[in-house]
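Open the structure in your viewer and keep the selection panel at hand. The tour goes from one stop to the next.

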Amino acid sequence: MKQNLRGIKQQELKEEIKNLGIPAFRAEQIFISVHSKLAKNLDEVKGIPKELALKLNPHFTIEPLDLITSTTSKDETVKFLFGTGDTISRKVKIESVLIKEEDRNTVCVSTQAGCNAGCEFCATGKMGLLRNLTPAEIVSQIYEIISITGIVPSNLVFMGMGEPFLNYASLMDSLEILTDKKGFGIPSRRITVSTVGFTGRIKKFADDISANANLRNIKLALSLHSTDRGFRETLIPVSKKNTLPAIYDELVYFYRKTGNKVTYEYIYFEGLNDTDNDVKRLAKLQRMIPSNINVIPFHPVDFELKPPLDILNKKIHEKIIHGKEKSLSNSKNLLDFIARLRKERVTVNLRSSSGVDINAACGQLAVKN
Ligand code: SF4
């Protein structure tokens, strides 16, 4: 089976090329064409003789994603629906988002088609997991967006469909490819990887990125959403096995190992995670390691919801239904919650709801395959 050149790291490519009896310098040439010049097929790989192209052809291909649709929101956020190719892996549809801001252009990247973590507030979680994306499919989301819009993103956030740490090997390969200075070469400080938190994985991630100079400054975001264990376990079922105290220990390890700040993502559920006790716990958490909190207005999900199982689920369910009718981004209580956090000297930002009108905001990505 042919390998997609977009998913092969430079060092691996050198070895594969050597095994074919082709001089190693050709591997660098090919890598530059694929990841810097964004060649879309072998014919676009520059500077290689015809006989070499013929030699590569049985072993390698370049398989871009197919653009199915793109939708632009009022605030110019663009959501892309891509179809993956069918020669290498099972065909699925995925979404990626381009968020345009004054000082940056950010691509929100997907790592899985669907997700089986089952978070209550997330449309992707309602899809279940269709399959993990390959490194080539992860990388290609960015390359297709550049080729469609002409915009080279300044920042990448791994916060699209899927839980990056549940597709760890592909995540790490794609990060290595994207930060390779001979290729796309995005600086690692402009990349954020977001997780709901898995014990063992945060530590491993800290070890892995600190061992690689190209990855060292990647930032970590924890989808926290509540410091109350019971409420968090209702919101994020996988947190029953990956408890908050264990995750906190790993975050301390992450900071000590990498020196990188951690961001806590905190979806605001009015009346459920904004009490004075929540404020006190968040202030304590922030004193643990240098960090900041992004408060995110709840974004309604346009997806069939399961009937509530218990009282807490019922309350969340009501919030979700309520959110369908009313945006909470300017709610007085949300602003009051932020003011109370600031009074406790918590570094807190109110995250924008870019793309909410096209279901492209946090927690809204979902496709029917
Ligand atoms: S929030 Fe992330 S981990 Fe949870 S279901 Fe959605 S994609 Fe999966």
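Two residues are in contact if their C-beta atoms, placed from the backbone, lie within 7 Å. This is a predicted model: local features need pLDDT of at least 70, side-chain atom pairs count only at pLDDT 80 or more, and totals for chains, interfaces and linings use all residues. Residues are numbered from 1 along each chain as its sequence is written.

Select residues 10-19, helix α1, and residues 25-35, helix α2. Helices (H or I, at least four residues) and strands (E, at least two) are DSSP runs, numbered from the N terminus. In α1, Q10, L13, K14 and I17 meet R26, A27, I30 and F31 of α2. These contact residues divide into five nonpolar, one polar and two charged. Here Ala, Val, Leu, Ile, Met, Phe, Trp, Tyr, Cys and Pro count as nonpolar, Asp, Glu, Lys and Arg as charged, and the others, Gly among them, as polar.

Next, select the ten strands of the open sheet, in the order β3-β4-β5-β6-β9-β10-β11-β12-β13-β14, with mixed pairing. Two strands pair if DSSP finds at least two bridges between them. β3 (66-72) and β14 (348-350) stand at the edges with a single partner strand each, so one side of each has no neighbour in the sheet.

Within the sheet, select β10 (residues 191-195) and β11 (residues 219-223), which pair in the parallel sense over four bridges. Pick S194: its bridge partner in β11 is A221.

Last, select the ligand. Which residues surround the ligand? They are C115, A117, G118, C119, C122, T124, G125, G162, E163, V196 and S223, each with its C-beta atom, placed from the backbone, within 6 Å of the ligand. This shell divides into five nonpolar, five polar and one charged.

Technical notes:
Axes are lines fitted to C-alpha atoms, for helices over the stretch in contact, and angles run from 0 to 180 degrees between N-to-C directions.
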